[in-house]
Amino acid sequence: MNLAQLITLHGRYRAHHPAIVERDRSFTFRQLDRYVAGHAVALMRQGVGRGDVVGVCLQDHAEFIASLFAILRIGGIFLLMDWRWTEAEQRRTAEVFQPKLILAEPGRRGASPWRGRPLRRSVRARQPHRSRAR
């Protein structure tokens, strides 16, 4: 059993218990499980599968946590990329780890539309920068 499967179990047996509490909002295990499932499907539709690396460049909010669980649910590997890093730092990290996709905050330069169901805000997915042959 991986960590993402625990969300499913809690979604069944502790459906109405709080899973995430964030400032002025909270999400039950059922809500989190549904979001994670939908987010996992959206990742798979974008070509992410078992063993693929996904960059996560999100601020600290509920969608960040849910994104990590969605990546784990499909057997992916998350690569944490601090949203405060410069574009050059993010590019270097992407060149080293070669993520299949990078999840970023809306409005980040180079981000493409994210089609997952957001809990609160839209999360954007973008193709990572690839190093150029010299």
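Colleague: What percentage of the 134 residues in the protein chain is buried?
Modeller: This is a predicted model. Buried here means under 20% relative accessible area. Of the 134 residues in the protein chain, the buried share is 41%.

Colleague: Which pattern does the protein chain follow along the sequence?
Modeller: The secondary structure comes to 4 helices and 6 strands. Read along the sequence, they give α-β-β-α-β-α-β-α-β-β.

Colleague: How do H1 and H2 pack, roughly parallel or oblique?
Modeller: Helix H1 spans residues 3-13 and helix H2 residues 29-45. Their axes lie 8 Å apart, at an angle of about 135°.

Colleague: Which residues of H2 make the contact with H1?
Modeller: The crossing of the two helices is left-handed. H1 contributes Ile7, Thr8, His10 and Gly11. By class, the contact has 3 nonpolar, 3 polar and 2 charged residues. On the H2 side, the residues are Phe29, Arg30, Leu32 and Asp33.

Colleague: What is the bridge partner of Val21 in E2?
Modeller: Strand E1 covers residues 18-22 and strand E2 residues 25-28. They pair in the antiparallel sense over 4 bridges. In E2, Val21 is partnered by Ser26.

Colleague: Which residue in the turn between E1 and E2 has a positive phi?
Modeller: E1 and E2 form a hairpin, with 2 residues between them. A phi of about 40° belongs to Arg23.

Colleague: What percentage of the contacts with a separation of 6 or more comes from residues 24 or more positions apart?
Modeller: Contact means heavy atoms within 4.5 Å. Among contacts in the protein chain with a separation of 6 or more, residues 24 or more positions apart account for 63%.

Terms used:
Residues are numbered from 1 along each chain as its sequence is written. This is a predicted model: local features need pLDDT of at least 70, side-chain atom pairs count only at pLDDT 80 or more; totals for chains, interfaces and linings use all residues. Side-chain values use heavy atoms; hydrogens and water are left out. Axes are lines fitted to C-alpha atoms, for helices over the stretch in contact, and angles run from 0 to 180 degrees between N-to-C directions. A crossing is left-handed if the near helix is turned anticlockwise from the far one by less than a right angle, and right-handed if clockwise. Ala, Val, Leu, Ile, Met, Phe, Trp, Tyr, Cys and Pro count as nonpolar, Asp, Glu, Lys and Arg as charged, and the others, Gly among them, as polar. Two strands pair if DSSP finds at least two bridges between them. Buried means under 20% relative accessible area, exposed over 50%, partly exposed in between (1.4 Å probe, protein chains only).
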